[in-house]
Amino acid sequence: MLSIKNLHVSVGDKPILKGVNLEIKAGEVHAIMGPNGAGKSTLSHILSGKSGYTITEGSVTYQGKDLLEMDPEIRAREGIFLAFQYPVEIPGVSNIYLLKAALNAIRTHNGLAEVDAFDFLKIVKGKVKLLEMDEQFLYRSVNEGFSGGEKKRNEILQAAILEPSMCILDETDSGLDIDALKVVAAGVNSLRAADRSFLMITHYQRLLDYIKPDIVHVLADGRIVKTAGPELALELEAKGYSWVEEQVA
Amino acid sequence: MSSSEQEIDSLIGQKYKEGFVTEIEVDTFPPGLDEEVIAKLSAIKGEPEFMLDYRLKAFRHWQTMSEPNWAQLNIEPIDYQSISYYSAPKKDSDKPQSLDEIDPELLETYKKLGIPLDEQERLAGVAVDAVFDSVSVATTFKGKLHDAGVIFCPISEALKEHPELVKQYLGTVVPETDNFFAALNAAVFTDGSFVYIPKGVRCPMELSTYFRINAANTGQFERTLIIADEGSHVSYLEGCTAPMRDENQLHAAVVELVAMDDAEIKYSTVQNWYPGDENGVGGIYNFVTKRAECRGANSKVSWTQVETGSAITWKYPSCILLGDNSVGEFYSVALTNNYQQADTGTKMIHIGKNTRSTIISKGISAGKSQNTYRGLVRVGKNADNARNYTQCDSLLVGDKCGAHTFPYVEVKQPSAQVEHEATTSKISEDQLFFCQQRGLSAEDAVSMIVNGFCKQVFKELPMEFAVEAQALLGLSLEGSVG
């Protein structure tokens with residue numbers, strides 16, 4: 001699904017990622033953990049195509065294609081989805097309008113007919129129920145006046161409707177209380193499928209109690225320094241990131 | 001400059017689409033303005049004598065005035081003697097009686113503008129008065145309106161057919177001495193629309209006028225007068241375009257609205273005069289005086305404007321709330337790009353008791369443009385319980401433009417409630433990236449964000465106009481699902 005090879009990324013003159021290697025197969029759920037400033041969010045931005053970074057070395061192949069060559073919207077239409085750490089507000093644009101425009105942009109790109117308003121409403125209403133959301137949510141402006149939990153749920157709703165192949169969750173647990181976390185995690189779990197992969201970026205282990213990863217990586221100082229099964233997360237929680245850093249050093 | 005800023009720049013740098021020139025024979029006065037020119041103009045139009053007197057009075061007063069300089073505008077001096085004050089398509093001496101008689105090239109012009117003056121229009125139920133340079137070329141649907149008792153015709157025709165009505169109302173809202181440009185207009189206006197809705201009549205269709213400046217070096221000075229008699233209702237639409245030219249062209253219009261007891265006028269404008277090129281060369285100078293008088297009790301006037309054109313816009317559609325319980329509304333979207341300058345807003349003058357006004361202004365500045373909101377809310381000492389709500393939002397696109405807000409509030413009645421809210425925001429790279437990450441192109445993303453910003457105003461426009469307005473802003477229509 002996704003293959004990152006020797007990826008080096010700088011902001012200005014400052015190197016952030018210093019040779020990241022990562023293979024994600026279809027259907028796998030990967031977690032990337034690491035201390036602040038390790039480059040976790042940079043990785044999610046690079047994969048989704050945010051500007052402001054310089055890629056100095058390495059490659060990213062997605063479904064056999066060179067991902068780094070694609071514009072951000074093309075990546076999205078090819079099935080890359082980023083659930084933002086800080087979802088933006090767009091006043092005056094209703095959630096449902098954004099969702100329909102996005103879905104149809106993706107469908108058109110993939111040679112499918114656009115869905116009409118009626119069919120779209122049917123799709124959306126089903127997903128809203130799944131995420132235990134109020135339908136009124138759909139008609140409010142995108143993220144405007146939403147609570148932290150609502151914003152994150154809205155991100156998962158978008159994933160549920162756009163049905164990406166590669167879902168990147170950037171600190172999806174940040175700012176959530178435990179009830180909201182459970183709902184969001186249930187939403188993510190409902191999206192797990194044999195042809196859909198996840199890359200979860202998180203600081204804390206608690207998200208992984210609810211969304212069980214297949215593989216856990218530790219990113220420290222711009223490199224993946226340790227890769228293991230889900231037990232690694234528990235070990236990290238107990239011993240702290242300094243434990244891994246010491247082991248590597 | 002980051003890549004997404006470059007994208008924004010290229011998106012807003014779209015070419016002016018209405019910039020064609022129509023090749024037709026025209027009858028044009030040589031440039032220059034004096035009493036003789038005014039007399040000749042009045043004679044050509046076969047006006048009653050009171051009109052010539054009115055014009056000359058205005059002209060004499062105008063000569064004593066100087067251009068207003070208080071606006072946040074940088075204006076090259078205008079040489080009023082280098083402008084031609086009359087230009088009309090030359091086509092027989094008689095005015096066309098039906099569409100068949102209209103120069104096909106002229107009809108083609110309107111088609112390019114998307115204004116078919118034919119069956120389609122009839123189906124759409126819009127009666128159109130099209131002003132091309134200085135003369136009204138055709139007014140459709142006269143028959144149907146006539147049956148309802150509605151008068152909708154070029155003001156030049158109204159001066160011949162209904163001189164007493166014109167005389168009774170002309171200049172009563174905007175006196176010929178009001179301001180420099182209004183005085184000039186009173187002296188030299190060539191045509192425009194006249195509307196009279198009789199007592200108790202709800203106008204059976206939307207009335208519409210399209211203005212276009214075609215000939216070079218001509219000014220356009222149209223005059224619109226709308227009277228809604230007791231208990232009547234009318235919705236009026238106005239659209240404007242001009243071809244691309246290197247020189248600046250002057251447009252100085254006056255619009256007067258009179259609403260009697262329980263009457264309602266809704267006036268919507270989509271203004272797309274040529275804004276000049278990306279270096280600020282050419283473009284229309286748009287100096288317009290629009291004012292409504294809610295003369296009767298319980299009357300209501302609503303101005304909605306979408307302003308995307310003109311090199312310079314100087315325009316403050318206003319309401320004088322004279323009648324008790326009268327209501328004034330102003331909804332505005334003003335978009336400026338490149339070197340465009342807009343100084344626009346409104347005045348709400350509360351005189352009657354329990355008068356209410358609402359102002360919603362959305363300014364969008366892009367490129368190197370300057371966009372100013374200037375508004376006055378005045379509550380007189382007898383306007384018990386007057387209420388005003390003002391909301392003024394500015395959206396900046398890029399980092400080389402400016403947004404300015406000058407709200408003036410004068411209250412002489414302690415029971416008045418005046419509210420003012422203002423925001424300034426920027427299309428952020430984060431918003432753009434978010435939309436792109438959901439699969440939208442940068443172009444669609446900007447459209448969507450701007451569209452969302454303007455939503456409160458667009459929803460006030462009649463449906464067919466809302467579509468045009470959004471297309472004008474380079475937007476796709478925000479569909480309402482469900």
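Student: What makes a set of residues the largest nonpolar core here, and which residues have the most contacts inside it?

Tutor: A nonpolar core is a set of buried Ala, Val, Leu, Ile, Met, Phe, Trp, Tyr and Cys residues joined through C-beta atoms within 7 Å, and the largest such set in this predicted model has 186 residues. Those with the most contacts inside this core are Phe81(A), Val195(B), Ala228(B), Leu257(B), Ala259(B) and Ile265(B). Helix H11 of chain B, residues 442-458, gives the most to the core, with 10 residues; helices (H or I, at least four residues) and strands (E, at least two) are DSSP runs numbered from the N terminus.

Tutor: As for conventions, residues are numbered from 1 along each chain as its sequence is written, while chains are lettered from A and ligands numbered from 1 in the order in which they are written. Because the model is predicted, local features need pLDDT of at least 70 and side-chain atom pairs count only at pLDDT 80 or more, whereas totals for chains, interfaces and linings use all residues.

Student: Which residues is Phe81(A) in contact with, leaving aside its neighbours within four places in sequence?

Tutor: Two residues are in contact if their C-beta atoms, placed from the backbone, lie within 7 Å. By that test Phe81(A) is in contact with Ala76(A), Ala159(A), Leu162(A), Pro164(A), Met166(A), Cys167(A) and Ile168(A), once neighbours within four places in sequence are left aside.

Student: Why is helix H10 of chain B called largely enclosed?

Tutor: A residue is buried if 20 or more other C-beta atoms lie within 10 Å of its own, exposed if 12 or fewer, and partly exposed in between, with C-beta atoms placed from the backbone. Seven of the nine residues of H10(B), residues 429-437, are buried, so this helix is largely enclosed by the rest of the structure. The buried residues are Gln431(B), Leu432(B), Phe433(B), Phe434(B), Cys435(B), Gln436(B) and Gln437(B). H10(B) is followed by Gly439(B), whose phi is positive, near 105°.

Student: Is Gly126(A) buried or exposed, and how do you know?

Tutor: Gly126(A), which lies in helix H4 of chain A, has 11 other C-beta atoms within 10 Å and is therefore exposed.

Student: How many residues of chain A are in contact with chain B, and which element gives the most?

Tutor: On chain A, 28 residues are in contact with 23 residues of chain B. H3(A) gives the most to that side of chain A, with eight residues. The residues of that side divide into 18 nonpolar, six polar and four charged, where Ala, Val, Leu, Ile, Met, Phe, Trp, Tyr, Cys and Pro count as nonpolar, Asp, Glu, Lys and Arg as charged, and the others, Gly among them, as polar.

Student: Why are S2 and S5 of chain A said to stand at the edges of their sheet?

Tutor: Two strands pair if DSSP finds at least two bridges between them, and four strands of chain A form an open sheet in the order S2-S1-S4-S5, with antiparallel pairing. Strand S2 (14-24) and strand S5 (65-66) each have a single partner strand, so one side of each is left without a neighbour in the sheet. Strands S1 (residues 2-11) and S4 (residues 54-62) of chain A pair in the antiparallel sense over seven bridges, and the bridge partner of Ser10(A) in S4(A) is Thr54(A).
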